[in-house]
Amino acid sequence: MMQPLAIMIYEKLLPGTQLVNRLQDLGYRVQTLSDADKLTSTAETSGPMLVIADLGSGSEKILKAITELRRNTSTAHLPVVGFAGEPLAPHQAAANQAGVTLLVSETAILNHLAPCLDRALQLD
């Protein structure tokens, strides 16, 4: 069986590499992006199951890329898990507007990755 693909965008090295390793431990293939502008085109060609994005520093560019992902008919269905440092409240409105499926803290995603993924992948 083919492993599901997760696209990951991050700037901070420590939580980013830890999440990549944990995703791989959960059986995911991981494709990392350093350029948020390539998110939609990469998602179209790679066929990921979900996107995980660091909404900490530099989040405006990432939120713009998520908005573009949502507007594209071939990628609009993809769940997007965003994570940021505490407090989350300053990030919530912008994340909702961009179309982030689930926003969690860095601590939560690092300590509870599997439940976060399960929640984001739930079908309504």
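**Exercise 1: A helix and its cover**

What covers the buried residues of H2? The cover includes strand S1 (5–9), strand S2 (29–33), strand S3 (50–54) and helix H3 (59–71). Helices (H or I, at least four residues) and strands (E, at least two) are DSSP runs, numbered from the N terminus.

The model is predicted: local features need pLDDT of at least 70, side-chain atom pairs count only at pLDDT 80 or more, and totals for chains, interfaces and linings use all residues. Residues are numbered from 1 along each chain as its sequence is written, and side-chain values use heavy atoms, with hydrogens and water left out.

Task: Determine which residues of H2 are buried, and where they lie around the helix.

Step 1. Buried means under 20% relative accessible area, exposed over 50%, and partly exposed in between (1.4 Å probe, protein chains only). In H2 (residues 39–46), the residues Leu 39, Thr 40, Thr 42 and Ala 43 are buried.

Step 2. Viewed down the axis of H2, these buried residues fall within an arc of 165°, so they line one face of the helix. The arc is that of the directions from the helix axis to the C-beta atoms. An α-helix has 3.6 residues a turn, so residues three or four places apart point the same way.

Step 3. After H2 comes Gly 47, with a positive phi near 65°.

**Exercise 2: Salt bridges**

Task: State how many salt bridges a search of the whole structure finds, and describe them.

Step 1. A salt bridge is a side-chain nitrogen of Lys or Arg within 4 Å of a carboxyl oxygen of Asp or Glu. The search finds three.

Step 2. One of them joins Glu 106 and Lys 12, whose closest N and O atoms are 2.3 Å apart. Glu 106 belongs to helix H5 (residues 106–111) and Lys 12 to the loop between S1 and helix H1 (13–25), so the pair ties together parts that are 94 residues apart in sequence. Glu 106 counts as buried at 18% relative accessibility, while Lys 12, at 32%, counts as partly exposed.

Step 3. Asp 35 and Lys 61 form a salt bridge with an N to O distance of 4.0 Å. Asp 35 lies in the loop between S2 and H2 and Lys 61 in helix H3, so this pair ties together parts that are 26 residues apart in sequence.

Step 4. Lys 61 also meets Asp 37 in a salt bridge (3.7 Å, N to O). Asp 37 is in the loop between S2 and H2, and Lys 61 in helix H3, so parts 24 residues apart in sequence are tied together.

Step 5. The relative accessibility is 26% for Asp 35, which counts as partly exposed. Lys 61 is partly exposed at 44%, and Asp 37 is partly exposed at 48%.

**Exercise 3: Two helices in contact**

Task: Describe how H3 and helix H4 (residues 89–98) are arranged, and which residues meet.

Step 1. The axes of H3 and H4 come within 8 Å and cross at roughly 30°. Axes are lines fitted to C-alpha atoms, for helices over the stretch in contact, and angles run from 0 to 180 degrees between N-to-C directions.

Step 2. Angles under 35 degrees count as roughly parallel, over 145 as roughly antiparallel, 65 to 115 as roughly perpendicular and the rest as oblique. H3 and H4 are therefore roughly parallel to each other.

Step 3. Contact means heavy atoms within 4.5 Å. Leu 63, Ile 66, Thr 67 and Arg 70 of H3 meet Ala 94, Ala 95 and Ala 98 of H4.

**Exercise 4: Residues in loops**

Task: Locate Ala 36 and Pro 87, and state what is found at each.

Step 1. Ala 36 is in the loop between S2 and H2, and at 6% relative accessibility Ala 36 counts as buried. Not counting residues up to four places away in sequence, Ala 36 touches Lys 61, Ile 62 and Ala 65.

Step 2. Pro 87 is in the loop between strand S4 (80–84) and H4. The peptide bond from Glu 86 to Pro 87 is cis, with omega near -10°. Most residues other than glycine have a negative phi, and most peptide bonds are trans.
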